[in-house]
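Hi,

As promised, here is the structure for you to look through.

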Amino acid sequence: MKSNNNLEDINGLDPESWEEMRELGHQMIDDMISFLKNIHHEPSWKEIPEDTKAYFKEDLPEVPQNSKKVYQEFKRYILPYNKGNIHPRFFAWVQGSGTLMGAYSEMLAAVMNPNVTIGEHAAMYVDEQVVKWCKQMLNYPNSSSGILLSGGSMANITGLTVARNSHANSIREYGIQKNNKKLVVYCSEETHSCITKAAEIIGIGNKFVRKIKTNSEYEMDCDKLLEQLLLDIKEGLQPFCIVATTGTVNTGAIDPLEDIYNICKKYNLWLHIDGAYGALAKLDPNIAPKLKYIELADSVAFDLHKWLHVPYELGCLLVKDADNHRSTFAITPNYLLQTERGKRISWRFRCH
Ligand SMILES: *Cc1c(COP(=O)(O)O)cnc(C)c1O
């Protein structure tokens, strides 16, 4: 093999023309600024014409595509037919709109393209700092651990997995065992569907998700909660977790956190908060008192791609007992072992 000392010759991923790519990038930024600046003159949603839909049925291209042409196709077939959530008159669902600076940041991150699981590089510190800021926004203990995830659903599943393992601590070794006491989780009938999915995925089963009735304000009825809990205990089941929602998707209702917290304390249950929609309302001094008990929860899941308008996707899970979080997921394969010699490298939240 010919030895190659000239780095200019081995840049296989480089564009054919740097200058053309610079021009294209500038064009994209100009177009996106104009697009956002003028979006309020456009309808919030447009029907996708059939000939446009045909474009998405084209087969896998087998020859290189021209970047400029691909961008023209994006402008013609994709950009005009947006969901609408970035439009000022979008009132459906709980969805963030993103910001221009958020979009720029995505580009900067994509250019650096770091993998934040391992190494000693700045992005790992950014990641850790963002998690710390999440704790600070919620006034959650600094000793807790946390992780950024693709959204509230993943944050809820992850939180419930930690909750489950804290009550069934041999599950990593032996899996779900048939004759164990059946674990039960409680939430209100207004709870987001991802909690039921989480219970199915982690082996609780949806028959053991108790959807407690709500009061006239759509908040969990704690008398009914206690009634069901005592009934389940009497029947020999093993309650392990209550999920309280701060900001339900249907009405924004906040479950009575103080009462739920007291029940959790009394019966040794994990308090998980689904704050995907509303936890960050804690930043508003008018609402903060209602959300004070988030600080005492065992885990809290929330979204940054809703009210913070961070571009999709970003959610966060915080877990009060960092050891619980760690012991639910940590595995140290030999390629991640620390060596005696050489540079010490950082580990994501020292979680491996
Ligand atoms: C949005 C939402 C979820 C799901 O979050 P994703 O970020 O869409 O995964 C869960 N619970 C509540 C209360 C929500 O508002």
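A residue counts as buried when its relative accessible area is under 20%, as exposed when that area is over 50%, and as partly exposed in between. Please keep in mind that this is a predicted model.

With that cut-off, E73 is buried, because its relative accessible area is 18%. The side chain of E73 forms a salt bridge with that of K69, at 3.2 Å from N to O. K69 itself is partly exposed, with 46% relative accessibility. Both residues sit in helix α3, four residues apart, so about one helical turn separates them.

K75 and D31 meet through their side chains in a salt bridge of 2.9 Å, N to O. Are the two partners buried or exposed? K75 is partly exposed at 28% relative accessibility, whereas D31, at 17%, is buried.

Further along, D303 pairs with K306 in a salt bridge whose closest N and O atoms are 3.2 Å apart. Here both D303 and K306 are buried. There is also a network: K282, K292 and E295 are joined by salt bridges that share partners.

In total, the structure holds 10 salt bridges, and those described above are the ones I wanted to point out to you.

Methods:
Residues numbered from 1 in each chain as written. Predicted model: local features only at pLDDT ≥ 70, side-chain atom pairs only at ≥ 80, totals over all residues. Heavy atoms only, no water. Salt bridge = Lys/Arg side-chain N within 4 Å of Asp/Glu carboxyl O. Buried < 20%, exposed > 50% of the residue type's maximum accessible area, 1.4 Å probe, protein only. Helix = DSSP H or I, 4+ residues; strand = E, 2+ residues; numbered from the N terminus.
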